[in-house]
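Me: I have a structure open and would like to go through it step by step. Could we begin with the space inside and then move on to the fold?

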Amino acid sequence: MDYRGFFEDAVDALRQEKRYRVFADLERIAGQFPRAIYRDAADNQREITIWCSNDYLGMGQNPRVIAAMQDTAAKLGVGAGGTRNISGTNRPLVELERSLADLHRKDAALVFTSGFVSNEAAISTIARLLPDCIIFSDQLNHASMIQGVRQSGMQKQIFRHNDVGHLRELLAAVDRQRPKLIVFESVYSMDGDVAPIKEICDLAEEFGALTYIDEVHAVGMYGPRGGGIAERDGLMERIDIIEGTLAKGFGVMGGYVAANRAIIDAVRSYAPEFIFTTALPPALCAAARASIEHLKVSGAERAAHQRQAQLTKDILADAGLPVLRTNTHIVPVIVGDARACKAASDMLLEKHNIYIQPINYPTVPKGTERLRITPTPLHSDEMIIELRHALVSVWSALQLPRERPTEKVSASKLMSGQLTLPTVGG
């Protein structure tokens with residue numbers, strides 16, 4: 001049996017479809033973000049500009065955050081020593097969870113090693129503990145949420161993306177006494193659109209459902225204290241479970257959920273992803289807490305972030321590039337073909353020293369391939385102009401379509417057949 005051949009064939013299939021993922025060898029330069037050192041296969045190096053980082057506010061480079069990590073590592077070491085059940089809870093982790101609970105105005109919070117794990121663990125555990133629970137999940141939920149729904153083993157209903165009318169139909173068809181869990185995101189990271197949170201909360205109250213919101217692409221960046229879209233819109237207290245990450249707006253690492261004490265204690269006590277996983281090291285916890293506490297009182301980063309995101313959208317659109325207009329910090333530039341998207345990414349890096357990872361299937365549906373640009377407060381106006389010139393050059397060289405999307409190029413519309421995009425030859 002040629003076991004090795006099976007795996008080689010599987011990877012070759014991705015290469016033939018131009019979906020094989022290549023990781024750029026990058027070394028971020030502390031204090032100079034978004035600048036980084038890029039090393040090619042021959043180990044040649046040069047300075048490039050990153051335009052697709054999820055460190056949305058550049059807090060991974062913030063001096064206070066770096067100092068908190070360094071000081072804590074010097075005092076407490078670099079490891080957590082094991083699971084919290086075996087090794088106890090390090091003090092910075094206790095303080096971090098209190099900070100998160102305060103951020104979201106909840107009784108308690110629980111920290112995991114990543115946002116993927118927190119979604120998978122919390123959704124599956126909460127649903128399993130509710131007798132005969134039925135889960136209502138948005139069509140475009142993240143893979144981690146889908147995994148949590150599957151792992152729960154409970155019945156699920158998928159509602160069309162952000163379609164509260166469809167959600168109402170599905171809820172109305174279920175016995176009102178049956179436990180229900182609605183899981184959705186606030187900001188959807190590929191299209192940059194926002195969920196109708198108020199309307200979903202209204203339906204949850206009407207039909208007696210729990211609400212679970214993923215705010216990973218919003219915490220730190222929206223709301224008076226960085227609590228996310230729900231805080232910005234005055235709806236945070238209407239959400240039962242809030243999930244977030246420490247690795248994007250807060251610039252460090254880890255995931256978490258915040259809710260009432262009973263829910264958090266149940267997840268802590270039953271989720272194997274929590275019970276059997278080594279805790280976050282104290283230095284990471286201290287750095288994350290420093291970032292959260294800073295952003296609770298400082299709106300400067302959020303204001304600068306929104307300014308640069310809007311400026312980027314305006315300048316790229318004015319240049320005739322196919323920018324998908326959004327109300328958030330996500331700036332998708334639609335290509336519509338996997339080969340062309342990879343070619344555009346490669347040319348940007350090779351000729352213009354700009355790094356933007358291509359976004360292809362299965363992250364987005366086929367036909368909606370794109371460059372996903374994420375401006376930060378640390379991208380200067382000059383960098384935005386440089387990006388504009390580089391993209392125009394690449395679009396001309398590869399003869400990519402310049403038509404701006406006349407309506408939202410959302411994955412849900414493509415899946416339902418409401419929208420088709422032109423295919424670009426490789």
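**Cavity, pocket and fold**

Me: How many cavities of 30 Å³ or more are there?
Reply: The model is a predicted one, and the count comes to one cavity of 30 Å³ or more. The volume of the largest cavity is about 100 Å³.

Me: Which elements supply at least two residues each to the lining of the largest cavity?
Reply: These are β4 (108-112) and α11 (272-275). Among the lining residues are Val 111, Phe 112, Glu 273 and Phe 274. Others in the lining include Arg 84, Leu 93 and Val 117.

Me: How do the residues of that lining divide into nonpolar, polar and charged?
Reply: The lining of the largest cavity has seven nonpolar, three polar and two charged residues.

Me: Now the pockets. How much space lies in the second largest pocket?
Reply: The second largest pocket holds about 330 Å³ of space. Its lining consists of 17 residues, and those nearest the centre are Arg 84, Leu 110, Asp 265, Arg 268 and Phe 274. Arg 84 and Phe 274 also line the largest cavity.

Me: Which helix gives the largest share of the lining of the second largest pocket?
Reply: That is α10, which gives five residues. Two or more residues also come from each of α3 (84-87), α4 (91-103), β4 and α11, while α10 itself spans 261-270.

Me: And how many residues of that pocket lining are charged?
Reply: Seven are charged, alongside seven nonpolar and three polar residues.

Me: Let us change topic. How many helices and strands does the protein have?
Reply: The protein has 16 helices and 14 strands. Its radius of gyration is 22 Å, close to the 22 Å that the globule rule gives for 426 residues, so the protein is as compact as a globular protein of that length. The C-alpha atoms fill a box of roughly 60 × 60 × 55 Å along the principal axes.

Me: In what order do the strands of the open three-stranded sheet run?
Reply: The order is β11-β14-β13, with antiparallel pairing. The edge strands, each pairing on one side only, are β11 (331-334) and β13 (358-359).

Me: What holds paired strands together in general?
Reply: Strands of a sheet pair through backbone hydrogen bonds, in either a parallel or an antiparallel arrangement.

Me: How many bridges join β13 and β14?
Reply: Two bridges join β13 to β14 (residues 370-373), in the antiparallel sense. Pro 358 has Leu 371 of β14 as its bridge partner.

Me: Which strands does helix α14 touch?
Reply: Helix α14 (residues 338-352) packs on the sheet and touches β13 and β14; its direction makes about 45° with that of β14. Helix α15 (residues 381-398) lies across β11 and β14 and runs at about 180° to β14.

Me: Next, the backbone. Is the peptide bond from Tyr 361 to Pro 362 cis or trans?
Reply: The bond from Tyr 361 to Pro 362 is cis, with omega near 10°. Pro 362 sits in the loop between β13 and β14. The bond from Phe 33 to Pro 34 is also cis, with omega near 15°, and Pro 34 is in the loop between β1 (25-28) and β2 (35-39).

Me: One last point: is the phi of Asp 43 positive or negative?
Reply: Asp 43 has a positive phi of about 70°, although it is not a glycine. Asp 43 is placed in the loop between β2 and β3 (45-50).

Note on methods:
Residues are numbered from 1 along each chain as its sequence is written. This is a predicted model: local features need pLDDT of at least 70, side-chain atom pairs count only at pLDDT 80 or more; totals for chains, interfaces and linings use all residues. Side-chain values use heavy atoms; hydrogens and water are left out. Two strands pair if DSSP finds at least two bridges between them. Helices (H or I, at least four residues) and strands (E, at least two) are DSSP runs, numbered from the N terminus. Contact means heavy atoms within 4.5 Å. Axes are lines fitted to C-alpha atoms, for helices over the stretch in contact, and angles run from 0 to 180 degrees between N-to-C directions. On a 1 Å grid over the protein atoms alone, a cavity is a set of points where a 1.4 Å probe fits but cannot get out, and a pocket is an open set with protein on both sides within 12 Å along at least five of seven lines; lining residues have an atom within 4 Å of a point. Grid points are joined across faces, edges and corners, and a volume is the space filled by probe spheres set on the points. Ala, Val, Leu, Ile, Met, Phe, Trp, Tyr, Cys and Pro count as nonpolar, Asp, Glu, Lys and Arg as charged, and the others, Gly among them, as polar. The radius of gyration is taken over C-alpha atoms; the globule rule is 2.2 Å times the number of residues to the power 0.38.
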